[in-house]
There are 6 protein chains.
Amino acid sequence: MSRSDPPGSTHFNHAGQAHMVDVTGKPVTSRVAVASSTVRMNPAAAAAIRAGSSRKGDVLGVARLAAISATKWTSTLIPLCHAIPVEGVEVQFTWLSHGDPTSPASPETLQCEVTVRTTSRTGVEMEALTAASVAALTVYDMLKSVDRAMEITATRLESKSGGKSGDFSRA
Amino acid sequence: MSRSDPPGSTHFNHAGQAHMVDVTGKPVTSRVAVASSTVRMNPAAAAAIRAGSSRKGDVLGVARLAAISATKWTSTLIPLCHAIPVEGVEVQFTWLSHGDPTSPASPETLQCEVTVRTTSRTGVEMEALTAASVAALTVYDMLKSVDRAMEITATRLESKSGGKSGDFSRA
Amino acid sequence: MSRSDPPGSTHFNHAGQAHMVDVTGKPVTSRVAVASSTVRMNPAAAAAIRAGSSRKGDVLGVARLAAISATKWTSTLIPLCHAIPVEGVEVQFTWLSHGDPTSPASPETLQCEVTVRTTSRTGVEMEALTAASVAALTVYDMLKSVDRAMEITATRLESKSGGKSGDFSRA
Amino acid sequence: MSRSDPPGSTHFNHAGQAHMVDVTGKPVTSRVAVASSTVRMNPAAAAAIRAGSSRKGDVLGVARLAAISATKWTSTLIPLCHAIPVEGVEVQFTWLSHGDPTSPASPETLQCEVTVRTTSRTGVEMEALTAASVAALTVYDMLKSVDRAMEITATRLESKSGGKSGDFSRA
Amino acid sequence: MSRSDPPGSTHFNHAGQAHMVDVTGKPVTSRVAVASSTVRMNPAAAAAIRAGSSRKGDVLGVARLAAISATKWTSTLIPLCHAIPVEGVEVQFTWLSHGDPTSPASPETLQCEVTVRTTSRTGVEMEALTAASVAALTVYDMLKSVDRAMEITATRLESKSGGKSGDFSRA
Amino acid sequence: MSRSDPPGSTHFNHAGQAHMVDVTGKPVTSRVAVASSTVRMNPAAAAAIRAGSSRKGDVLGVARLAAISATKWTSTLIPLCHAIPVEGVEVQFTWLSHGDPTSPASPETLQCEVTVRTTSRTGVEMEALTAASVAALTVYDMLKSVDRAMEITATRLESKSGGKSGDFSRA
């Protein structure tokens, strides 16, 4: 590649063909990645989630299990991902807004944050991002009868550590 | 449920327990759903995608296949989804911004739109949303070495038709 | 087959070789199957499940989702099963015994009952049985740190209806 | 947790939320687990299995392969299970009763015992139990046309060794 | 496309982008496909297979089950394939050569033929071809310790019927 | 086994029963396997592939991804295979013949060669062979509308290194 070429994806070889990157020479190290996904919904959907925690139907409990399972499906979904032995997953839901009962039309935002751990030759950023996405999609699925216009507003890596490419933490 | 109860998720029974909704009584009809997901990236990542189309590595070709395959995994990922026979999938990528070569720091946004068709007792909204999400995640995976802070900014249903709940089109 | 031959499995052809039975000539009809599985555990494990329902960790909520998902994996696990479009799943847990607080060593028994519905050329007995088994295995997994000797004491078909082989109901 | 709390499941965190337990700090050790599942059937079903071994259709051969494959699906079926590299599986069938030809109604019992080995951070109890269950379910599937009332009478861990929680052997 | 263009794949749209072909407008009809795969092996491997049928280990029984299961995985493996409800599978093994005991070095050829049936909007050619390939690969796997140079010499569609593209039978 | 017995498959135990070979005692070593599969097609199909590389639809790009994904499904497809952490995959397509424009009926042959790497207790021959087969099947699928008589003419191991059974290279 000449100096003026744009930086490229490591998922293609020098001929521009997709490959699964050879990681046999990389050391097995401890790695952690944290990703989040947020869902913006109308107050009725938010109320249904909060009611669920008082035994009307546990939306977040279902979404949490979906997120944990999704970490095991990441290499099936993302074509050039290596299969990684996921060794720990935590899923945390937080309301980024608290509903205004005097303003029924104001949207509320729920954040799902997933932490994934492994001891491996490659990182678990994709596992964390996939799990956060699936948690958000599951919330949508369970409440689409209440708010079909619900939107997943931001899915992103929050931090990662371990591995040669260095640590990352969103500013 | 009393009149003043918040509307709830159909994915729970009257005791608040998760179930797979019984759809045996629903008619088999033709259904379409369209969903989109957008990815905001730095100019270097956008340039790598555009270079790919000129044989440096076809990022969008990989993401398109990942989206199509994802429609087949939706009922595995989303716990209470019915398995649906997906009968047609189109994936379209569009740049919502056009890079400003004089402003290297200005982010660019790529949109992935997925259309899914079926003839079934339930809709394919979740298939379309899952496929759009996986397309966006695959773009992230392939270019995270160029822009680790890339963000999936919006994932949402654009429209759906067919089925008892009526048609939907985002305003 | 001569008259004195023992009745055989339809899963083998006349040469004794496994095959997937040809069902193309069978009509598509509505079918239901109910299966159950019971788990016998020590009082500490039973107490942990009951405490879970008061927010210490919802063992039965996890097992219920595992059972619903298992209906989608049945044809992967049981080699000669046809893949069936599962169209409704209910999972019900019942305590067949009520712990005697003055007799800490007396075992308690939890029953999981799964009802599966489809509109198909073959029945869903295996889906119901597999789901009930997976619910019981998930209960074991979640409480094996409390009672490793826990035993799944009975897994069986309770009833089925629909299809040429006629209805069945355990006496 | 106060002293008087019941012992709980390690599959929930201190807030009672499901998680995949972090095992990154546990050593990689050699582990073995043995589990069994028994099937009680009528004499006609037992005769069909025995005839199979003389080339009428090898029920136990099919069930054995189903059990081996099931060890690879355990972390898909059991939501909070880690994916484990299974490194050895043996499946053994034994008749716990020998049919009484003068008493055609007396049930017979077949036992399936599965031994699973790994070198890993966690044990393979769930792999062995899942495999034994799937073997029993496969026997049911293949002979349900002969005896629909067949019952899986006991599924349990026989022994395990390796790992911090110590060895276990059923008395 | 201009008149002189080469005929193209229906798996790409007019812009040359991969898609899953929309089959919602096609009628549901009965369809059958037959495919075969042949394996050329040394006499020792052929002898091991034949000994297997006399209880040394049933290579063909294992390969037959692998072929049947593979019909269920076809749409996972072949990216643009529709998921089809497979409704019948037969697997037949035939020796195309009979070993010459006086010529130990002469290779022998085993043929696996798979027949797949469905009632669907698209055909099952890929299911039959995938199953025949997997049968051959399984034979290789089981006997690679005896003949690592074994070769899968021909995998092809033998015939198909049903569907708009007409019947096909290899001359 | 007596001296005159034919050599047998390691995939069966001394009783002739299938098992997953215990590899816990084998060392973890670096391993590579290369396999190839060839497809013979008519000139129209070959022309469609070559046109694809000039933006009419990238058949080989799709087949390459299918091959890479197939390495992750090998232990699902091949019953007695261990699940292996695939750590690198390269897929190379080569025309073994170059079309004769004056002889439109002369078939052309495309070769797919797959290289798989791992650090594991067992080899990746089956992963390489499965991936090469799936690449060939995908080429068939995408061009069956152009040449239904297309044939996969040879699938075989080219070389392997690493592991106790020694290196292998096809003469």
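The area buried between chain D and chain F is about 1,400 Å², with carbon and sulfur atoms giving 52% of it, where buried area is the accessible area (1.4 Å probe) that two parts lose on being put together, summed over both. The area buried between chain D and chain C is about 4,500 Å², and carbon and sulfur atoms give 67% of that. This is a predicted model, in which local features need pLDDT of at least 70 and side-chain atom pairs count only at pLDDT 80 or more, while totals for chains, interfaces and linings use all residues. Residues are numbered from 1 along each chain as its sequence is written, chains are lettered from A and ligands numbered from 1 in the order in which they are written, and side-chain values use heavy atoms, with hydrogens and water left out.

**Chain D with chain F**

- On the side of chain D, Arg64(D), Lys72(D) and Glu87(D) lose the most area to chain F, together 36% of what that side buries.
- The contact (heavy atoms within 4.5 Å) takes 17 residues from chain D and 18 residues from chain F.
- Two salt bridges are found across this interface, a salt bridge being a side-chain nitrogen of Lys or Arg within 4 Å of a carboxyl oxygen of Asp or Glu; Arg117(D) forms a salt bridge with Asp22(F), their closest N and O atoms lying 3.5 Å apart.
- Between chain D and chain F, eight residue pairs are in polar contact, both residues at pLDDT 80 or more; a polar contact is a pair of N or O atoms within 3.5 Å, where within protein one must be able to donate a hydrogen and the other to accept it, and residues adjacent in sequence count only if both atoms are side-chain atoms.
- Helix 2, strand 2 (88-95) and strand 3 (108-120) of chain D each supply at least two residues of the side that touches chain F, and helix 2 of chain D gives the most, with seven residues; helices (H or I, at least four residues) and strands (E, at least two) are DSSP runs, numbered from the N terminus.
- The residues of that side of chain D divide into six nonpolar, six polar and five charged, where Ala, Val, Leu, Ile, Met, Phe, Trp, Tyr, Cys and Pro count as nonpolar, Asp, Glu, Lys and Arg as charged, and the others, Gly among them, as polar.

**Symmetry of chains D and F**

- A rotation of 120 degrees, with 0.0 Å of shift along its axis, superposes chain D on chain F with an RMSD of 0.0 Å, and the two copies are thus related as by a three-fold rotation axis; the superposition is by least squares on the C-alpha atoms of residues with pLDDT of at least 70 in both copies.
- Pro85(D) comes closest to the rotation axis of the residues of chain D, at 5.1 Å (C-alpha).
- The copies use different surfaces, in that 6% of the contact residues of chain D recur in chain F.

**Chain D with chain C**

- 58 residues of chain D are in contact with 58 residues of chain C, and Leu77(D), Leu137(D) and Arg148(D) lose the most area in chain D to chain C, together 13% of what that side buries.
- Six salt bridges are counted between chain D and chain C, including one in which the side chains of Glu151(C) and Arg156(D) meet (3.6 Å, N to O).
- Ten residue pairs, both at pLDDT 80 or more, are in polar contact between these chains.
- Helix 1 (43-56), helix 2 (59-77), helix 3 (125-143) and strand 4 (151-161) of chain D each supply at least two residues of the side that touches chain C, and the largest share, twelve residues, comes from helix 3 of chain D.
- That side of chain D divides into 32 nonpolar, 14 polar and twelve charged residues.

- Strand 4 (residues 151-161) of chain C is joined by two bridges to strand 4 of chain D, and the strands run antiparallel; two strands pair if DSSP finds at least two bridges between them.
- Thr155(D), in strand 4 of chain D, is the bridge partner of Ile152(C).
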